[in-house]
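The following questions and answers concern the packing and the surface space of one model. Please consult the sequence and the structure alongside them.

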Amino acid sequence: MPLGGASTAILVTGATGFIGRQVMRHLLAGGRSVIAMARSWEGLSAHARVVRAVGRLPDRCQLEVIEADLTNPQHGLTPALLGRLRDTVDTAIHCAGDTAF
């Protein structure tokens with residue numbers, strides 16, 4: 001746990017993909033605090049895409065969705081948000097990948 005007793009979270013990239021959604025389901029079902037990085041796509045917000053991919057969320061799940069694009073510098077995140085992630089995230093699970101072959 002970080003200094004000061006702040007809660008820790010697991011960061012998941014690719015949360016809307018085939019593997020990422022399974023990882024998300026497992027973590028949320030286990031009561032873990034999860035921060036999902038996703039991008040908006042075809043009129044759906046990042047949050048809507050994650051919820052649609054994961055399906056029914058457990059009661060009182062600890063899920064935060066951050067809109068980000070891993071192809072952009074700093075993933076399109078502000079310095080303040082990057083700092084908060086550095087202070088909060090203790091594990092990152094990278095499931096994102098380029099599917100344009």
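Q: Which residues have the most contacts inside the largest nonpolar core?
A: In this predicted model, local features need pLDDT of at least 70 and side-chain atom pairs count only at pLDDT 80 or more, while totals for chains, interfaces and linings use all residues. Residues are numbered from 1 along each chain as its sequence is written, and side-chain values use heavy atoms, with hydrogens and water left out. A nonpolar core is a set of buried (under 20% relative accessible area, 1.4 Å probe, protein chains only) Ala, Val, Leu, Ile, Met, Phe, Trp, Tyr and Cys residues joined through side-chain atoms within 4.5 Å. The largest has 13 residues, and those with the most contacts inside it are Val 12, Ala 15, Met 24, Val 34, Ala 36 and Val 50.

Q: Which elements give two or more residues to this core?
A: Helices (H or I, at least four residues) and strands (E, at least two) are DSSP runs, numbered from the N terminus. Two or more core residues come from each of strand E1 (9–13), H1, E2 and H2.

Q: Which residues does Val 50 touch?
A: Val 50 is one of the buried residues of helix H2 (residues 46–54). Contact means heavy atoms within 4.5 Å, and residues up to four places away in sequence are not counted. On these terms Val 50 touches Ala 15, Thr 16, Met 24, Ala 36, Ala 38, Leu 63 and Val 65.

Q: Why do the buried residues of H2 line one face of the helix?
A: These residues are Ala 46, Arg 49, Val 50, Ala 53 and Val 54. The arc is taken from the directions from the helix axis to the C-beta atoms. Seen down the axis of H2, the buried residues line one face because they fall within an arc of 120°.

Q: Is Ala 38 buried or exposed?
A: Ala 38 is found in strand E2, and its contacts include Ala 46, Val 50 and Ala 68. The C-alpha atoms of Ala 38 and Ala 68, 30 residues apart along the chain, are separated by 5.5 Å. Because its relative accessibility is 6%, Ala 38 counts as buried.

Q: How many nonpolar, polar and charged residues are in the lining of the largest pocket?
A: Among the residues nearest the pocket centre are Gly 14, Arg 39 and Asp 98. Ala, Val, Leu, Ile, Met, Phe, Trp, Tyr, Cys and Pro count as nonpolar, Asp, Glu, Lys and Arg as charged, and the others, Gly among them, as polar. A pocket is an open set of points on a 1 Å grid over the protein atoms alone, where a 1.4 Å probe fits, with protein on both sides within 12 Å along at least five of seven lines; lining residues have an atom within 4 Å of a point. By class, the lining has 10 nonpolar, seven polar and four charged residues.

Key: Buried means under 20% relative accessible area, exposed over 50%, partly exposed in between (1.4 Å probe, protein chains only).
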